[in-house]
Amino acid sequence: MSNGTYVMSASPLKGGRKRAACEPYIPRIITTLGQRPACLVNASVTYVGNEQIYAFGGFDQYTDEVYNHVLKLNLAARQWSLVDNYGDIPGVRMGHTACLWQSDKLLVYGGENEHRIHLSDVVIFDIKTAHWTQPEISGPVPRGRARHSAVIYDDKLFVCGGMTGGDNTVLDDICFLDLKTWTWSRAWRFVSRYDHASWVWGGKIWISGGMGEEMERTNEIWWLDFRGAPAFEGGPTYGSMGSNEPSSLNDRGLSPYVGAGMPAPGSGYAANTGVQSNSATQIQRNAPVAPGAISSVKFMSSPNLPMQGVGSHFHVFSSGCMLDFVTPATNMPLETSLSALDLDTLRWQKLADGKDLFSPQYRWHYCCLDPDGTQAWLLGCPREQRANNPNGEAEEYLSDVLPIDLRRFGLLGNKMSQEARLEQRIPTSDTHGSSHLSAIGADLARTFNQPPESGSGTDFTVTALRDDDYQLDDLSEAGSPSATLTSPTIMPSSTADSESSSSSTNTSQPIHVHRLILSARWPHFSRLYNAQMSEFHTKRMHIPEPYPAVKAFLYYLYTDSISSPPATASGADFAAAPSLEDVSNLLVMSNIYDMPRLRHLCVNRLVRDLDVQHAALVFDRANTAQEDWLKRRAASFCMTHWGRVVRTSAFRNLKRSAMLELCEGVDAEGRVVGGDELEAVGGLGGARLGSGMMGGLWGAGRKRGRIGSVGGNTLDGADEDGDDTTEGMDDEGMEMG
């Protein structure tokens, strides 16, 4: 350009029109073809990779038949097909579990056959060969069960709870099968549950959802911390008594192996035969409490707590969170949602309103996720069935699939979440070897922003806008720095030198970096440098963005992280993680430079730590970065805490257009109500009323109120800030066990 300013590729052009806003993310239902299975009850549905879902077994409530069919859904072709299978084909069953193992096998355990006998066998289906095998099992096979949960972790199949016996006794045990030796461990008492979900995260086994002995749905969550417990870390052992017995567990004297009038261990119908087998060790004794620390939380009230008595719930694990898909149980417009419970902080947040995800015209029966937890699929059918047979009678099939991209709701996926969790304590490669990437990032962080004379090898400098010179008042109408909108540029040294006298007052101190790292990690810089522009010769660059945001951006290029380790541990000059304001500006930069991983990290951090002081700023930056979901989340937060948000500097510094857009998000009937009126309708503590994106505006004149109808109960609640909490609860309204 004639003025020496170079416009970067994929950036808003100077004088150009504003980019069109992205459309809100609304998942689209797809209808399948082929040999569609009936809407079976208690079948197993598992995503196995390569755009394929496998369904096995289940009970047809219309024909009263139990099946052992294997069906495959090709998501790309939208086609169901019946799989011809061979080998030791298992008998019919329902209420079993099927876990993906070694990426190409389904490990099926337990269930209930057509004679209502509960099974405890293990069969393996090879997806590549469609061949069934039954391994030789040793050790005390646990009691046969159905509607239990199972999860594979560290080459062990953990089995929890379920129902057994003719009287459908609810089991409270946990045990594991060592998949290296095919040996069962003993069983320990944990928690009574069936129709629940379980997973392993952070060295703990978690149990959520389902029903207990009272046959009522619960919003409790339990976890067993097995770190340091030899019984779980080593091979199966017998006879050891756990020492941590929670007072809330009751000893009913129920043997997890043998009960009166029940088949012996391992009995029932073995795979592919009608002959009962009894190859297991029989042990008849009361089970001890599971070794390790057992804890539980009962959520009494929370602004975002899903009501367990409403809708059909699917509990799954993703990204360090327990997700609760609350789908419509009827065609009535009830409260449905997609909510997430952060397992580190034990705080709920609503990711999306159900009306934006689930059509009340459809009934959803199953939910499955990919191994990384970034994609979810709901399988179901329309409520008004299509007439397919000659008699005109309606038939129910698993005919429809709702694919949901969970990354669009700020979830990072299991891999990125684990990396982000480890970032909080990044060590050097000499002290940590579990991840070579985190070790490299830690070593590179030691050289970040170190002057060349220190021996760091830095050979390039970057400057930005001075932090104290960057004010919200300087924002353009679109909500980002005017320099960024007109041209998010890199200023060549010739221009910088000619204007040094005028720019020295608003240019930050230099940031020392390595050209090689920037070229490898930042495509825009690589293209710019390869073109041998002025920066190639001067080895200097100016980015007209706030200094903290630019510094955090460059640090991300070094470490793949937006969390900063302590200065004493890394040697870098960062002392704390970037603030929400810095991350908000990072989000804009990630959009300008088209860096999707950085964008995911920023959205996740902003949603997780969204607060009153920064809500208006996050709304503004999400609008600039075209992150529609985050924008709506921030707007909803602003409306929920309107009285506090309007008193923040971030809100007062919004440009008029952004402020009007935020206010116009309220529906036409929205109004501000006083604290007394709000308390009368149970709206204090951050509870939301009404409908629409915002529902309505209300004030909060008092800090304490009544939270009504949480899971069918009326409970004393605490306000969002936790200023007044009920005795025995924390600021989320949780009852700790």
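Of the 737 residues of the protein chain, 57% count as buried. The model is a predicted one. The chain holds 19 helices and 39 strands. Look next at contacts between residues at least 6 apart in sequence: 63% of them join residues at least 24 apart.

**The nonpolar cores**

The largest nonpolar core has 90 residues. Those with the most contacts inside this core are Leu323, Phe325, Ile404, Trp522, Phe553 and Leu554. Which helix gives the core its largest share? Helix H10, residues 547-559, supplies 10 residues, the largest share. A second, separate core has 21 residues, and Cys39, Val45, Leu73 and Cys368 are among them.

Take leucine 554 as an example. Set aside its neighbours within four places in sequence. Leucine 554 is then in contact with Phe448, Val462, Ile511, Val513 and Leu518.

H10 has 13 residues. From its first C-alpha to its last, H10 reaches 18 Å, close to the 18 Å expected at 1.5 Å a residue. Is H10 largely enclosed or exposed? Buried means under 20% relative accessible area. In H10, 13 of the 13 residues are buried, so the helix is largely enclosed by the rest of the structure. Just after H10 comes aspartate 560, with a positive phi of about 60°.

Helix H8 spans residues 523-530. Its buried residues include His524, Phe525, Ser526, Leu528 and Tyr529. Glutamine 532 follows H8, and its phi is also positive, near 55°.

| Helix pair | Angle | Axes apart |
|---|---|---|
| H14 (residues 615-624) and H18 (residues 656-663) | about 100° | 11 Å |
| H13 (residues 596-609) and H15 (residues 628-640) | about 10° | 11 Å |

How do the directions of H14 and H18 relate: roughly parallel or roughly perpendicular? Angles from 65 to 115 degrees count as roughly perpendicular. H14 and H18 pack at about 100°, and they are therefore roughly perpendicular to each other. From H14, the contact uses Phe619, Asp620 and Asn623. From H18, the contact uses Ala658, Glu661 and Leu662. By class, these residues divide into 3 nonpolar, 1 polar and 2 charged.

The other pair runs another way. Angles under 35 degrees count as roughly parallel. H13 and H15 pack at about 10°, which makes H13 roughly parallel to H15. Here Val603, Leu606 and Val607 in H13 meet Trp629, Leu630 and Arg633 in H15. This contact has 5 nonpolar, no polar and 1 charged residues.

Spacing along a helix matters for contacts like these. An α-helix has 3.6 residues a turn, so residues three or four places apart point the same way.

**Two buried loop residues**

Histidine 641 sits in the loop between H15 and helix H16, residues 642-645. Is histidine 641 buried or exposed? Histidine 641 has 8% relative accessibility, so this residue counts as buried. Alanine 615 lies 26 residues away along the chain, and the two C-alpha atoms are separated by 9.5 Å.

Proline 288 is in the loop between helix H1, residues 230-233, and strand E25, residues 293-299. Its relative accessible area is 3%, so proline 288 is buried. How far apart in space are proline 288 and alanine 187? They are 101 residues apart in sequence, and 7.8 Å apart from C-alpha to C-alpha.

Conventions. Residues numbered from 1 in each chain as written. Predicted model: local features only at pLDDT ≥ 70, side-chain atom pairs only at ≥ 80, totals over all residues. Heavy atoms only, no water. Axes fitted to C-alpha atoms, helices over the stretch in contact; angles between N-to-C directions. Helix = DSSP H or I, 4+ residues; strand = E, 2+ residues; numbered from the N terminus. Parallel < 35°, antiparallel > 145°, perpendicular 65-115°, else oblique. Contact = heavy atoms within 4.5 Å. Nonpolar A, V, L, I, M, F, W, Y, C, P; charged D, E, K, R; others polar. Core = buried A, V, L, I, M, F, W, Y, C linked by side-chain atoms within 4.5 Å. Buried < 20%, exposed > 50% of the residue type's maximum accessible area, 1.4 Å probe, protein only. Expected span 1.5 Å × (residues − 1).
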